[in-house]
Amino acid sequence: METLLKAEIGGRTLSIQAGKVARQASGSIVVQYGETIVMVTVVSTNEERMVDFLPLSVEYQEKIYAAGRIPGNYFRREIGRPSEKETLTARLIDRPIRPFFPKEYRYETQVIATVLSMDQENDPDILAIIGASAALEISDIPFEGPIACVRVGSIDGQLKINPTINEYEKSNINIIVAGSGTGVVMVEGSGNIVSESDMLEAIFFGHNAMQPLIGLQEKLKETNGMPKRPFILPEKDEQLISKVKAAAVSRIREAVTIPEKIKRSSVLKAAKEDICNELGEDYADRKGEVYDILKDIQKSIFRDLVLKEGRRIDNRKFDEIRPITCEVDVLPRPHGSALFTRGETQVLGVLTLGSGPDEQRVETLMGEEYRPFMLHYNFPPYSVGEVKRISGPSRRDIGHGGLSTRALERVLPPKEEFDYTIRIVSEVFESNGSSSMGTVCSGTMALMDGGVPIKAPVSGIAMGLVKEGDNIVILSDILGDEDHTGDMDFKVAGTKDGITALQMDIKIHELSRDIMKKALEQARAGRLFILEKMLEAIKEPRKEISPYAPKVITIQINPDKIREVIGPGGKVIRSIQSETNTRVEVNDEGLIKIAAFAKEDGDAALKMIKEITIEPEVGSIYEGPVVKIMDFGAFVQILPGVDGLVHISQLAPYRVGKVSDIVKEGDRIKVKVLEITRDGKIRLSHKAVKESEIDKENESDGK
């Protein structure tokens with residue numbers, strides 16, 4: 001049946017509709033907020049896959065027609081490769097819903113969110129998350145929700161639910177909070193150096209505001225919900241489990257306490273292979289089942305080490321940070337570089353500076369955007385000792401790059417103070433826990449090494465959680481294995497004064513306020529420790545940028561002169577760029593930017609532009625060619641493209657009978673500007689220059 005439910009969220013009406021469109025999907029929902037509309041569908045197959053993970057795929061599509069425009073690319077249609085925004089939003093949808101599927105659910109499941117209408121005020125990303133939960137709730141797919149989602153901002157000190165897109169720039173906080181009826185499930189966003197207490201308040205302000213959306217979905221399930229497909233956890237072979245445990249527990253426990261990642265992985269792999277072989281031919285066709293048991297044993301041992309023995313794999317204290325080394329200026333030709341090593345995670349940050357045309361142009365539902373800051377994260381297979389085909393950036397690469405971008409962009413100088421396009425590239429050389437936070441640290445130092453006047457240095461840390469009932473342990477600076485076997489991955493980046501970015505994912509159903517408060521406090525102590533190590537390598541941004549970076553010179557000209565700088569068909573500006581080896585930009589207001597790799601090239605281009613655009617001044621003397629002779633006087637070019645009239649009476653200190661008696665076309669003469677009329681006509685005098693020269697000669701003779 002067709003059902004439409006509404007709730008007031010952030011002072012506006014949000015509606016959820018079911019039963020009208022895409023009815024052959026397992027579940028279909030249309031969510032509307034203002035005039036932004038997102039349709040979300042879910043489908044799950046009936047064939048179980050033989051894999052050891054949840055085969056869930058999430059797609060988010062922004063249709064350009066949603067904003068009333070035709071795509072600007074060559075094909076005039078949405079191209080197959082998702083944009084960065086689409087990829088990041090797909091990850092946003094995936095992360096909060098994934099923990100709510102049954103642990104052993106192995107049926108291929110797909111969530112597709114499609115933006116149908118966009119009003120330029122309400123971001124569709126949070127609607128897609130709400131729609132995904134609602135579609136799963138009414139479908140026959142096992143799902144232990146519902147969850148809901150809101151965006152939280154802080155404008156003029158007041159927290160606000162779902163600020164409009166135009167309000168983002170004014171907001172001190174911009175976070176997305178997803179949660180269930182009783183706790184927080186996911187947090188993603190940034191802050192303008194916001195305190196931990198203010199961020200915690202914002203998170204749970206959002207959690208409280210989303211509760212009506214939980215209620216809507218529960219009502220929708222009552223009216224439109226399908227019976228959930230029967231799903232029974234596969235029976236476990238207790239005899240096999242006992243046999244594997246007897247053979248494996250002591251060996252796996254010994255292996256997991258090896259501090260070095262590669263050695264630990266190698267010993268674990270060998271132990272598992274030996275155990276499979278020892279089980280004999282009777283279990284040769286059940287290796288997959290045996291490996292699942294071994295995986296559970298390994299996870300249990302990891303967790304028992306923390307909860308029962310009070311220790312970690314590498315024997316660190318729960319709040320202890322791994323050894324850190326920091327180096328800057330490690331590459332000679334890039335404009336800034338830094339190598340950050342924390343334990344077995346190592347990241348190279350590389351800075352390059354460019355001019356305006358180097359900005360990234362992105363087509364979005366809001367129209368074309370130009371981004372003067374880019375951060376690109378690369379995670380090659382050798383960083384974890386693997387062999388894989390190298391292709392384009394993965395969703396993980398884009399996600400980690402997006403988090404690091406948010407962490408750093410809040411401390412970048414405004415364009416008016418540092419007029420450069422900035423690109424940071426993160427090359428992950430080694431990875432064993434939070435290479436994204438390593439990217440933040442190396443990126444900060446690369447910016448400082450390159451002379452970018454950032455507001456404050458930023459460090460980052462990844463926090464973990466192991467929770468069994470009331471037994472809770474929060475871990476600082478988690479290893480990769482602690483991430484895989486724990487219950488939380490909570491990344492926090494910020495300056496000494498507050499948070500600039502955070503991202504939290506959990507594998508359990510919710511987190512309480514108390515746990516998040518403790519995690520944020522422990523993260524702050526860890527961040528400050530890491531920041532101290534970074535500042536030992538470089539205390540502040542260098543006073544000058546690299547000699548290999550382009551020099552940017554700006555000059556403001558009269559907008560009426562723009563056409564003269566550009567020339568017919570761009571002839572003049574191309575000539576300037578070619579002759580001086582520079583890049584010249586001109587905007588509609590007459591602001592000209594010259595980018596040059598050598599100072600003398602920039603100065604040469606500036607001189608040429610000044611000669612073209614200089615405005616004549618009354619009382620000033622110029623020298624130029626006579627371009628035309630008339631009976632009443634001569635026209636003289638005093639500046640490129642600027643002519644003035646020397647009346648016959650102003651040609652000499654005496655009466656002139658004929659203009660050609662004094663000057664001919666092509667002669668160069670000195671003239672003084674007497675007047676510039678309202679209509680732009682320029683009156684010149686050659687006589688005034690001559691009289692001035694005579695006066696100077698007389699003064700000299702008198703001396």
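**Exercise 1.** Is Lys85 buried, partly exposed or exposed?

*Solution.* The model is predicted. Start with the value: Lys85 has 28% relative accessibility. Next, recall the cut-offs: buried means under 20%, exposed means over 50%, and partly exposed lies in between. So Lys85 counts as partly exposed.

**Exercise 2.** Which parts of the chain does the pair Asp52 and Lys295 tie together?

*Solution.* First, check the pair. Asp52 and Lys295 form a salt bridge, with the closest N and O atoms 3.8 Å apart. Then locate each residue. Asp52 is in the loop between strand E4 (36-48) and strand E5 (56-62), and Lys295 is in helix H7 (residues 287-307), so the bridge ties together parts 243 residues apart in sequence. Last, look at accessibility. Asp52 is partly exposed at 39%, and Lys295 is partly exposed at 44%.

**Exercise 3.** Describe the largest nonpolar core.

*Solution.* Begin with its size: this core has 126 residues. Now ask which have the most contacts inside it: Ile93, Ile97, Ile203, Phe490 and Met516. Then find the main contributor: helix H2 (residues 125-138) gives the most, with ten residues. Finally, take Phe490. Beyond its neighbours within four places in sequence, Phe490 contacts residues including Ile461, Leu502 and Met516.

Terms used: Residues numbered from 1 in each chain as written. Predicted model: local features only at pLDDT ≥ 70, side-chain atom pairs only at ≥ 80, totals over all residues. Heavy atoms only, no water. Core = buried A, V, L, I, M, F, W, Y, C linked by side-chain atoms within 4.5 Å. Buried < 20%, exposed > 50% of the residue type's maximum accessible area, 1.4 Å probe, protein only. Helix = DSSP H or I, 4+ residues; strand = E, 2+ residues; numbered from the N terminus. Contact = heavy atoms within 4.5 Å. Salt bridge = Lys/Arg side-chain N within 4 Å of Asp/Glu carboxyl O.
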